[in-house]
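Please have the sequence and the three-dimensional view at hand while reading.

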Amino acid sequence: MRRTPPVGRNRSSRGARAVVRARADARRGARERQGFPVHHGLGVAAAYAWRLLVVGVVAYVVFALLGKLQLVAVALFLALVITAVLRPLADLLARRMPRTPAVIISILGSILVVLGVMALVGRVVAGESGSLGHEFAGGLGRIERWLEGSPFHLSHAVLSGLQGKVVTFVSDHRSVLISSALSGAGRAVEFVTGLVLALFCSLFFIRSGDRFWRWFQELMPESARDPWDRGGRAAWRTFAGYTRGIIIVAGTNAVLVGIALYVLGVPLALPLTLLEFFAAFIPLVGSPVALGVATVVALATRGPVVAIIVLALIVVIGQLEGHVLHPLVLSWAVRLHPVVVAISVIAGSILAGVTGAVVAVPMVSVAWSVISELRADPEPEPSGRSPSAREP
């Protein structure tokens with residue numbers, strides 16, 4: 001037997017449907033009165049689209065300006081790196097002497113250390129240059145015999161033809177190589193200029209960076225000072241932590257590689273160690289490239305067995321860096337997934353070459369830390385103290 005719904009419930013359901021239809025008709029009528037009937041979802045998508053276009057235009061203009069002022073941007077980035085590394089030393093010395101002499105001593109002492117290391121490397125290369133020529137010549141002969149034997153079985157004619165093509169290419173493109181060398185000399189002048197500018201800026205950043213930041217905050221409206229203060233402090237904590245951590249990681253990799261190359265008897269162990277140190281500043285990519293150069297040197301001077309051992313260091317150093325050093329040293333400063341790190345490095349190298357690959361990860365880490373800090377609830381301030389009056 002069919003059950004009849006109660007009269008009150010039936011009336012209430014019909015009334016609710018009528019209200020929904022009336023609201024829909026009202027929205028439709030409003031759109032028709034405006035002259036362009038647009039679906040609600042399309043309107044929301046259009047609103048997001050034009051805002052994203054504005055953001056994209058602003059980002060393009062910023063990157064275009066940075067491209068035009070690349071020397072200044074790189075110098076400021078290097079100044080921030082120097083500040084992050086030397087400020088703890090300057091603060092320690094400032095406990096026993098005035099701030100200005102402490103900053104000058106820390107910067108000049110670091111310059112002397114770097115120049116001493118470079119002089120030592122140059123002396124090692126000059127001392128081994130005489131014997132290296134004979135070793136490379138004999139090594140090339142050993143490599144040819146190795147390629148002619150098992151398992152490659154390349155013919156002598158093929159190898160001779162390859163050498164002839166290399167010589168022909170160099171002779172045909174001699175003017176291009178010379179112009180590249182001259183442009184490299186121009187790059188060296190730009191590098192020295194940027195380095196001097198970076199040292200000049202870092203001198204003031206280390207001495208009175210806090211006053212610069214407070215002066216910048218005073219230019220902001222009162223309501224915007226607290227978010228800017230929180231975001232700026234989060235950015236500096238992340239950047240300084242990443243800089244100090246990556247130096248520790250690079251130093252550890254360089255020490256391990258230097259010990260291995262010295263034990264294996266590979267020539268130019270000290271220059272290759274220094275190359276490994278600087279290459280480690282490019283995550284995931286730098287260390288394998290530096291060890292690849294060391295493998296070529298080992299193959300030409302010590303034969304395929306030692307070269308294979310050096311090649312195995314790529315796997316060992318990569319595992320140590322990815323599973324031990326980065327989690328222990330950089331986990332508190334950089335909380336990025338390895339996929340994000342890899343994409344950042346590749347995108348940075350496409351946009352700005354080696355410089356972009358170096359600065360990509362710290363910039364993405366800083367942006368992520370600022371967003372996370374601004375999304376979090378601000379800490380309550382003590383009574384009677386304004387947010388802009390906080391000391392670092």
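In which helix do Arg233 and Asp229 both lie, and how many residues apart are they? Both belong to helix H7, at a separation of four residues, about one turn of the helix.

## Basis of the report

The model is predicted: local features need pLDDT of at least 70 and side-chain atom pairs count only at pLDDT 80 or more, whereas totals for chains, interfaces and linings use all residues. Residues are numbered from 1 along each chain as its sequence is written, and side-chain values use heavy atoms, with hydrogens and water left out.

## Overall architecture

The protein has eleven helices and zero strands; helices (H or I, at least four residues) and strands (E, at least two) are DSSP runs numbered from the N terminus. Along the sequence the pattern reads α-α-α-α-α-α-α-α-α-α-α.

Of the 392 residues, 26% are buried, where buried means under 20% relative accessible area, exposed over 50% and partly exposed in between (1.4 Å probe, protein chains only). The protein exposes about 25600 Å², and carbon and sulfur atoms supply 71% of that area; accessible areas come from the Shrake-Rupley method with a 1.4 Å probe, and for residues only the protein chains shown count as cover. A contact is defined by heavy atoms within 4.5 Å. Among contacts between residues at least 6 apart in sequence, 69% join residues at least 24 apart.

## Nonpolar cores

In soluble globular proteins, nonpolar side chains tend to be buried together. A nonpolar core is here a set of buried Ala, Val, Leu, Ile, Met, Phe, Trp, Tyr and Cys residues joined through side-chain atoms within 4.5 Å. The largest such core has 16 residues, and those with the most contacts inside it are Leu261, Val266, Leu272, Ala298 and Val310. Two or more residues are given to this core by each of helix H7 (222–264), helix H8 (269–279), helix H9 (286–302) and helix H10 (304–330). H10 provides the largest share, five residues.

Residues up to four places away in sequence aside, Val266 touches Leu261, Leu272, Val297, Ala298, Val306 and Val310. Another core, of eleven residues, lies apart from the largest one and includes Ile246, Leu336, Val341 and Ala357.

Asn253 is located in helix H7 and counts as buried because its relative accessibility is 0%. Neighbours within four places in sequence aside, Asn253 is in contact with Glu276, Ala280, Ser287, Ile317, Glu321 and Leu325.

Leu268 is found in the loop between H7 and H8. Its phi is near 55°, a positive value in a residue other than glycine. With 16% relative accessibility, Leu268 also counts as buried.

## Aromatic pairs and the nonpolar patch

The structure holds eight aromatic pairs. Rings of Phe, Tyr and Trp (its six-membered ring) pair if their centres lie within 6.5 Å; planes under 30 degrees apart count as stacked, over 60 as edge-to-face and the rest as tilted. Phe200 and Phe204 form an edge-to-face pair, because their ring centres are 5.1 Å apart and their planes stand at 70°. These two residues are four apart in helix H6 (residues 174–218), about one helical turn. Phe200 is exposed at 51% relative accessibility, whereas Phe204 is partly exposed at 36%. Phe77, Trp236 and Phe239 form one aromatic cluster.

Helix H3 (70–94) and H6 each supply at least two residues of the patch, and its largest share, four residues, comes from H6.

## Salt bridges

Six salt bridges are found in the whole structure, each being a side-chain nitrogen of Lys or Arg within 4 Å of a carboxyl oxygen of Asp or Glu. In the one between Arg233 and Asp229, the closest N and O atoms are 2.7 Å apart. Both Arg233 and Asp229 are buried.

Salt bridges that share partners join Arg87, Asp91, Arg99 and Asp210 into one network. Within helix H3, Asp91 and Arg87 are four residues apart, about one helical turn, and their side chains meet in a salt bridge (3.8 Å, N to O). Asp210 and Arg87 also form a salt bridge (2.8 Å, N to O). This pair links distant parts of the chain, Asp210 in helix H6 and Arg87 in helix H3, 123 residues apart. Asp91 is partly exposed at 30% relative accessibility, and Asp210 is partly exposed at 26%.
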